[in-house]
Amino acid sequence: VRTGPASGEALVNARRLALSEGRGTRTREGLVLLEVRESAAVRTDRLRALAPEGAGFKSVPLKRRLRGRESDEPFGGAGSSFCALEGAGLVVLEPSPERELVLLELRQDFVYLRESRLVAFENLLRYENGRLPVAEPGPLPMVQLAGEGLVVFEARKSLAALPVTAERGVSVRAACVLGWTGRLLGQAVPLGESPAQGTGFVTFSGDGAVLVEEP
């Protein structure tokens, strides 16, 4: 089928990004449109566009929080740090290559995610930085988010959830762990006890689910 050039109006109408009902939505292009009502934390290198209302957004760098105290380390690390956008308006977020954005709504519960995969969250949520102890590829920086609000993170299409119960734990290669939900404890598996004598495994026990994907 042959098609001719589109007019400017037709191009805009075909590619228009519009926020659906609710605080956030993912478009068919794979972008996430997040409505900021008062403030939100956003990873700067995943921010494609801003459409502020009124006086516009005020940007404040975020620091990692360790054991309830704010540190001097930038949240997200150098080159991909987080900032708090204070104000109201719309932000457009994009995934990194070969990944997709996932919208998650917390309802007075919590989730743990790799710091490198977290993209944005409403500032009504509380955050705490930590690490998943594992020998290979080394301790993984993690973030705990708790409370009520929206979370945006990126994952591969192979993302899956493995249930964990008090009767049955799960051992996962650490490189495949994106995060977890529920009350789980993750511990590095000693080399001699790893499946097939492999390295870099972590065992989860408790009640919840581990989010895994291809490394």
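These are my notebook entries on a predicted model and what I looked up in it.

**Ground rules.** I number residues from 1 along each chain as its sequence is written, and I use heavy atoms for side-chain values, with hydrogens and water left out. The model is predicted, and local features need pLDDT of at least 70, side-chain atom pairs count only at pLDDT 80 or more, and totals for chains, interfaces and linings use all residues.

**Overall make-up.** I looked up the secondary structure and found 1 helix and 17 strands. Helices (H or I, at least four residues) and strands (E, at least two) are DSSP runs, numbered from the N terminus. Of the 215 residues, 40% count as buried. Here buried means under 20% relative accessible area, exposed over 50%, and partly exposed in between, with a 1.4 Å probe and protein chains only. I then checked contacts, meaning heavy atoms within 4.5 Å. Among contacts with a separation of 6 or more, 74% are between residues 24 or more positions apart.

**Strand pairing.** I count two strands as paired if DSSP finds at least two bridges between them. I found an open sheet of 4 strands in the order β1-β2-β9-β4, with antiparallel pairing. Its edge strands are β1 (24-26) and β4 (47-52), each of which pairs on one side only. The twist from one strand to the next averages 15°. For that angle, axes are lines fitted to C-alpha atoms (for helices over the stretch in contact), and angles run from 0 to 180 degrees between N-to-C directions. Within this sheet I looked at β2 (residues 32-36) and β9 (residues 89-93), which pair antiparallel over 5 bridges. Val36 stands opposite Gly89 in β9.

I next followed β10 (residues 100-114), which is joined by 14 bridges to β13 (residues 140-155), running antiparallel. Asp109 stands opposite Gly147 in β13. Strand β10 also pairs with β16 in the antiparallel sense, over 3 bridges. There the bridge partner of Tyr112 is Trp180 in β16.

**Aromatic pairs.** I searched the whole structure and found 8 aromatic pairs. Rings of Phe, Tyr and Trp (its six-membered ring) pair if their centres lie within 6.5 Å; planes under 30 degrees apart count as stacked, over 60 as edge-to-face and the rest as tilted. Trp180 and Phe204 form a tilted pair, with 5.2 Å centre to centre and 55° between the planes. Trp180 lies in β16 (residues 177-188) and Phe204 in β17 (residues 201-212), so this pair ties together parts 24 residues apart in sequence. Both Trp180 and Phe204 are buried. I also noted a cluster in which ring pairs link Phe75, Phe82, Phe121 and Tyr127.

**Nonpolar cores.** A nonpolar core is a set of buried Ala, Val, Leu, Ile, Met, Phe, Trp, Tyr and Cys residues joined through side-chain atoms within 4.5 Å. The largest has 19 residues, and Phe75, Leu113, Leu118, Phe121, Leu145 and Val151 touch the most other members. The elements giving two or more residues to this core are β8 (82-86), β10, β11 (118-122) and β13. Its largest share, 5 residues, comes from β13. I listed the contacts of Leu118 beyond four places away in sequence; among them are Arg43, Phe75, Phe82, Leu113 and Val143.

**Ala146.** I placed Ala146 in strand β13. Ala146 is buried, at 9% relative accessibility. Leaving out residues up to four places away in sequence, Ala146 touches Leu106, Asp109, Phe110, Leu125 and Arg126.

**Positive phi.** Most residues other than glycine have a negative phi. I noted Arg67, not a glycine, with a positive phi of about 55°. Arg67 sits in the loop between β6 (63-66) and β7 (69-74), and at 83% relative accessibility it is exposed. Gln108 likewise has a positive phi, near 55°. Gln108 is in strand β10 and is exposed, at 59% relative accessibility.

**Cysteines.** I looked for disulfides, taken as pairs of cysteine sulfur atoms within 2.5 Å, and the count is 0. Cys83 is buried at 8% relative accessible area, and Cys176 is buried at 17%.
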